[in-house]
Amino acid sequence: MAINESQIEEIVKQVLLNVSGTTKVKNENKAIGIFEDIEEAIDAAKIAQKKIKKMSMEQREKIITRIREKTRENAKIMSEMAVEETGMGRVDHKILKHLLVADKTPGTEDITTTAWSGDNGLTLIEMGAFGVIGGITPSTNPSCTVLCNSIGMIAGGNTVVFNPHPGAVKVSNYAVTLVNEASVECGGPENIACSVTKPTLDSGKILMTHKDIALLAVTGGPGVVTAALKSGKRALGAGAGNPPVVVDETADLQSAAKHIVDGATFDNNLPCIAEKEVVAVESIVEELKYHMINNGCYELKGSDIDKLVNTVLINNNGIIGLNRDCVGKDAKVILKKLGIEVDDSIRCIIFDADEDHILVLEELMMPILGIVKVENVDEAIKLAVRYEHGNRHSAHMHSKNIDNLTKYGREIDTAIFVKNAPSYSALGFNGEGYCTFTIASRTGEGLTSGKTFTKSRRCVLSDGLSIR
Ligand code: NAD
């Protein structure tokens, strides 16, 4: 079932009531694990990893439990810090994202052993730590990615050095400090997660090539993932998406409209999995739009669509880029830039788009949905595959026709495929399954968790311990 705005408000209210007595004041949090120099951070994480590696799984799980508690206690502060520092997203939705990390990121239970026993003895596959992992994190989900990665990496016996996004360094480093506080409070070492005061492209490059970094986990746009894949190290590449949502003539249109708008407006469309454009069959497109408008969409027409293009994109000597003043902003704020005043009930901008429309092709990360009308579902699938740009990231569909759903899933071949629900259900939010904020779309591991950060070891004992 989808969650609606009033339910979200109610959950956030409850959370604020629950955490108000325990929430820390921002500046009281003394930084732990934050270094001026990335080489120092790597040295410190290396020392801490030797200690983590020797810990029992029970001890690791204790630290993870404390990280979860601290994430809940600090959800509001980190959400406010992220919006203040990056100028993107919504505090109420970011609180929900932090709670999701706390509640549904797998811990040590994710690190399992496979065994074969028989006439020749016993063989085990055990999942071991890589060592020190290099983490690159985005500005769109900064502290959530740090916390989610840290839980999984520590479950696997690793420590991590982050080079966080420079535009989100304060909140990212706040989260790094929480991870270390959790460890120390449970009798563990400091510096199980490390970071730097001033992350730069150069510090990122050092991290990507340092001899003591065993694995890279890179969450961000195409540039940084490509750089990591060229580094010569093993890299988990969690790159960009541009998720299309297809609606065919069999869909429950009222529910499809609500799910699409709920997903596309979650944290103002910052999540990489969020619906970024709609491709709908022409026989139902007007009815779909009618329901979308009833769910808080404002439809732009005529020259206002051109104004939108000129507002949200920047043409820098022929290179088209996003206007960062619009990324992750409320629909109301973007509309105001076009000279259109609306009230708070408007949460998404929609417009009829032709199939080559630039706002459909670009990954905007804004609550804006171009709606492309097509004759039939085959045409819709073809266009959706084109809009996804081969990222193999996420795709969504509203349909009751199993053949159509299957065909789309096969053609688009993405790490995430959500049917008849908002995109965020793929993160475990009102959906089954665990949470992650690093979806290794480019390199194929998909939704990462503790086991993704481990390596496989086969251990064989001949002629013994088989007692059948
Ligand atoms: P970004 O690519 O601007 O930045 C990501 C990080 O990479 C930052 O820390 C940045 O400083 C660093 N960086 C960029 N180029 C680099 C290079 N050449 N060498 C070293 N470091 C470099 O991303 P953003 O704007 O913060 O985040 C949005 C993008 O990330 C979107 O494209 C979104 O789809 C993607 N994303 C993907 C996932 C996923 O799980 N697949 C999750 C979140 C965001």
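These legends accompany close-up views of a predicted model. Residues are numbered from 1 along each chain as its sequence is written, and side-chain values use heavy atoms, with hydrogens and water left out. Local features need pLDDT of at least 70 and side-chain atom pairs count only at pLDDT 80 or more, while totals for chains, interfaces and linings use all residues.

**View 1. A positive surface patch brings together Lys50, Lys53, Lys54, Lys455 and Arg457.** Helices are DSSP runs of H or I with at least four residues, and strands are runs of E with at least two. Look to α2 for the largest share, three residues.

**View 2. Lys53 sits in helix α2.** Its relative accessible area is 53%, so Lys53 counts as exposed (over 50%; buried is under 20%, and partly exposed lies in between).

**View 3. Cys194 takes part in no disulfide.** For Cys194, the nearest cysteine sulfur belongs to Cys186, 17 Å away. Cys194 is buried, at 0% relative accessibility.

**View 4. Cys326 is likewise in no disulfide.** Here the nearest cysteine sulfur is that of Cys348, at 14 Å. With a relative accessible area of 0%, Cys326 is buried.

Definitions and conventions
Patch = residues over 30% accessible without salt bridge, like charges linked within 9 Å, V, L, I, M, F, W, Y side chains within 5 Å. Areas by Shrake-Rupley, 256 points an atom, 1.4 Å probe, with all protein chains shown as cover. Salt bridge = Lys/Arg side-chain N within 4 Å of Asp/Glu carboxyl O. Lys, Arg positive; Asp, Glu negative; His and termini not counted. Charge placed at Lys NZ, Arg CZ, Asp CG, Glu CD. Buried < 20%, exposed > 50% of the residue type's maximum accessible area, 1.4 Å probe, protein only. Disulfide = S-S within 2.5 Å.
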